[in-house]
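This report describes selected local and sheet-level features of the chain shown below. The sequence and the coordinates should be read alongside the text.

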Amino acid sequence: MAIYIDNEQVRELLPMDECIQAMEDAFRHEAQGLGGSLVRQTLFYPGGRQRLMIGSSPGFDTYGFKTYGGGVNLVLAFSTSQHTLEAIVESRVLSEIRTGAVAGLATKYMANDDASTIGVIGSGLQAKAQIEAICAVRPITKVKVYTRTAENREGFAEELRNDLALDAVAVETGEECISGSDVIVTATGSRDPVFAAEWLSPGAHINAIGATTPGRREIDEHTVGRCDVVVVESVAQAKVECGELMLAEDRGQFQWSQAVEMRHLVTGLAGHRPSRDAITLFNGLGVAMEDTAAAGVVLRKAKDLGLGVQLPIEVRGGAPRRIR
């Protein structure tokens with residue numbers, strides 16, 4: 001019988017370090033031809049939208065889809081071995097953690113080994129997940145926080161000091177936040193670039209994760225043009241969703257042939273930092289395989305611990321049959 005797993009249980013069952021490892025395993029599996037994602041689909045209706053992400057993670061015995069919009073944020077997780085619906089997982093927290101984890105994974109492979117200072121623009125839940133993930137892979141000693149609203153940046157810096165025991169300070173300008181930072185995080189919903197390319201210091205690594213539609217941009221074409229390495233999760237998805245790279249291509253600052261997919265980064269085929277002073281970019285959009293892999297981790301642990309609410313849904317196993 002399928003089970004229902006809520007957000008609170010997801011947070012309990014999916015610690016950041018385990019999720020980072022799960023994301024690395026999932027992309028390694030993808031490089032071997034095991035698992036993958038379809039490009040996200042969006043249905044617009046009067047006053048709103050619904051989004052659908054379909055993917056598989058056979059290494060976690062999971063395939064399925066995530067749908068979100070209209071107050072719904074759920075993953076339906078099926079077993080790749082049993083061909084059965086195994087769980088419905090609330091995915092607001094799951095998405096928050098796995099998005100941070102993928103950026104942490106990018107940082108692990110792209111940032112300088114001794115990176116110690118984060119500059120973050122944004123103060124929401126995702127900004128915090130990003131910082132937690134980066135701290136798991138680099139010896140971070142200081143975080144600089146900037147948002148347009150002083151109250152928000154002061155409050156977020158205090159939250160980081162209290163919850164993550166970090167030396168976090170609120171700064172008054174975006175330039176102060178970006179200049180001298182080893183790892184830069186942009187986690188906003190902005191439609192306009194949030195910092196200037198000339199503020200970047202040699203050796204900086206950027207995790208740009210807030211702009212997930214063609215109409216949003218957190219970084220401008222000049223920033224993209226300064227980057228020696230650009231990594232995305234899926235070129236196919238980036239070509240239809242990543243407004244930052246799309247515009248940079250239109251303005252002659254970027255070519256899609258430069259984009260390295262995460263599966264090739266973690267397996268060592270491409271994406272190596274060419275020098276200590278190189279500037280690198282991970283432009284994260286989120287792909288469905290990440291959700292199914294994370295859901296697979298949560299599902300396995302929930303079953304082992306007897307967690308989750310059983311659902312009155314009949315599931316049938318067996319090999320799939322061809323429909324004529």
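## Loops, sheet and helix packing

Asp61 is located in the loop that links strand 4 (48-57) to strand 5 (62-69). The model is a predicted one. Although Asp61 is not a glycine, its phi is positive, about 55 degrees. With a relative accessibility of 31%, Asp61 counts as partly exposed, because that class covers values between the 20% limit for buried and the 50% limit for exposed residues.

A positive phi also occurs at Ala165, a residue other than glycine, where the value is near 55 degrees. Ala165 belongs to the loop between helix 5 and strand 10. Its relative accessible area of 67% makes Ala165 exposed.

Two further loop positions are Leu38 and Thr212. Leu38 sits between strand 2 (36-37) and strand 3 (41-45). Thr212 is found in the loop between strand 12 (205-208) and helix 7 (221-226). Setting aside residues up to four places away in sequence, Thr212 touches Arg51, Glu241, Gly284 and Leu285. The C-alpha atoms of Thr212 and Gly189 are 8.7 Å apart, with a sequence separation of 23 residues.

| Residue | Relative accessibility | Class |
|---|---|---|
| Leu38 | 53% | exposed |
| Asp61 | 31% | partly exposed |
| Ala165 | 67% | exposed |
| Thr212 | 16% | buried |

### Strand 13 and its neighbours

Strand 13 (residues 229-232) pairs with strand 14 in the parallel sense over three bridges, and Val230 stands opposite Ala259 of strand 14. Strand 13 also pairs with strand 15 (residues 280-283), again parallel and over three bridges. In that pairing, Val229 is opposite Thr280 of strand 15.

Which way do the side chains of strand 13 point? Val229 and Val231 are directed one way, Val230 and Val232 the other, and all are buried. In a regular strand, side chains alternate between the two faces of the sheet.

### Helix 9

Helix 9 (residues 243-250) has Gly243, Glu244, Leu245, Leu247 and Ala248 as its buried residues. The elements that cover them include strand 12, helix 7, strand 13, helix 8 (235-241) and strand 15. After helix 9 comes Gly252, which has a positive phi near 75 degrees.

Notes. Residues numbered from 1 in each chain as written. Predicted model: local features only at pLDDT ≥ 70, side-chain atom pairs only at ≥ 80, totals over all residues. Heavy atoms only, no water. Helix = DSSP H or I, 4+ residues; strand = E, 2+ residues; numbered from the N terminus. Buried < 20%, exposed > 50% of the residue type's maximum accessible area, 1.4 Å probe, protein only. Contact = heavy atoms within 4.5 Å. Pairing = 2+ DSSP bridges.
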